[in-house]
Amino acid sequence: EVRLLIIPGGDLWEREDAYPRGELENLLARVMEAGRPIAAICGATVALARAGLLDDRRHTSNAPGYLSETVPSYRGAARYETALAVCDRGLITASGLGPVDFAREIFTELQLFSAPDAALWYDMFKYGKLPAAAT
């Protein structure tokens, strides 16, 4: 009964003993098998790398070498993109520097806004552009 699973970021993900890997990897696999999207930002991308979910999808994280240095089993370097947020086949990843872009990818995946409303929202929260007053 999950529409989209969001994994919040933070430094804790870098510690291998910080969370029950088997349980989390099982949950991630079940969510993906159910065709539901997963979104991870900042250090949470480490959990996706450990689960092997970044090996065959375009993705991003905090820096090009961050995942390689943190997760020795990471095999997705060829698909890494230097971007604030990336979505590929239901998997959304973001740098810790891209919370607005991360949210935009989530909103797009869930089809929450019309295209004009999505553009308006993004301009407001990314660039501080307020809409013109209605007359």
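Q: What does D101 touch, not counting residues up to four places away in sequence?
A: D101 touches L84, A85, Y122 and K126. Contact here means heavy atoms within 4.5 Å. Keep in mind that this is a predicted model, where local features need pLDDT of at least 70 and side-chain atom pairs count only at pLDDT 80 or more, while totals for chains, interfaces and linings use all residues. Residues are numbered from 1 along each chain as its sequence is written, and side-chain values use heavy atoms, with hydrogens and water left out.

Q: What makes the meeting of the D101 and K126 side chains a polar contact?
A: The pair is joined at 2.7 Å. A polar contact is a pair of N or O atoms within 3.5 Å; within protein, one must be able to donate a hydrogen and the other to accept it, and residues adjacent in sequence count only if both atoms are side-chain atoms. So 2.7 Å is within the limit.

Q: Where does D101 sit?
A: You'll find D101 in helix α4, residues 99–110. Helices (H or I, at least four residues) and strands (E, at least two) are DSSP runs, numbered from the N terminus.

Q: How many helices and strands does the protein chain have, and in what order do the elements run?
A: There are 5 helices and 4 strands. Starting at the N terminus, the order is β-α-β-α-α-β-β-α-α.

Q: Why is the protein chain called as compact as a globular protein of that length?
A: The chain's radius of gyration is 16 Å, close to the 14 Å that the globule rule gives for 135 residues, so the description holds. That radius is taken over C-alpha atoms, and the rule is 2.2 Å times the number of residues to the power 0.38. Of the 135 residues, 40% count as buried.

Q: Why does S61 count as buried?
A: S61 has 2% relative accessibility, so it falls under the buried cut-off. You'll spot S61 in the loop between α2 (44–50) and α3 (66–70). Leaving aside neighbours within four places in sequence, S61 is in contact with C42, T45, Y66, L67, Y80, A94 and S95. One of these, T45, also has a polar contact of 2.6 Å with S61, side chain to side chain.

Q: How do you know that D56 and R57 meet in a salt bridge?
A: A salt bridge is a side-chain nitrogen of Lys or Arg within 4 Å of a carboxyl oxygen of Asp or Glu. The D56 and R57 side chains meet at 3.5 Å, N to O, so they pass.

Q: Which of the labels, buried or partly exposed, goes to D56, and which to R57?
A: With a relative accessible area of 40%, D56 is partly exposed. R57 counts as buried at 12%. R57 lies in the loop between α2 and α3, and its side chain reaches the backbone oxygen of D88 at 3.5 Å. Not counting residues up to four places away in sequence, R57 touches M32, R79, D88, R89 and L91.

Q: What other salt bridges are there, and how many does the structure hold?
A: The structure holds 8. Among them, R89 and D88 meet at 3.3 Å, N to O, and D88 counts as buried at 13% relative accessibility. R21 and E16 also meet at 3.3 Å, N to O, with R21 partly exposed at 28% and E16 partly exposed at 46%. E16, R21 and E25 are linked in a network of salt bridges.

Q: What makes F107 and F113 an edge-to-face aromatic pair?
A: Rings of Phe, Tyr and Trp (its six-membered ring) pair if their centres lie within 6.5 Å; planes under 30 degrees apart count as stacked, over 60 as edge-to-face and the rest as tilted. By this rule the count comes to 5 aromatic pairs. F107 and F113 are 5.3 Å apart, centre to centre, with 85 degrees between the planes, so they count as a pair and as edge-to-face. F107, F113, W121 and F125 form one aromatic cluster.

Technical notes. Buried means under 20% relative accessible area, exposed over 50%, partly exposed in between (1.4 Å probe, protein chains only).
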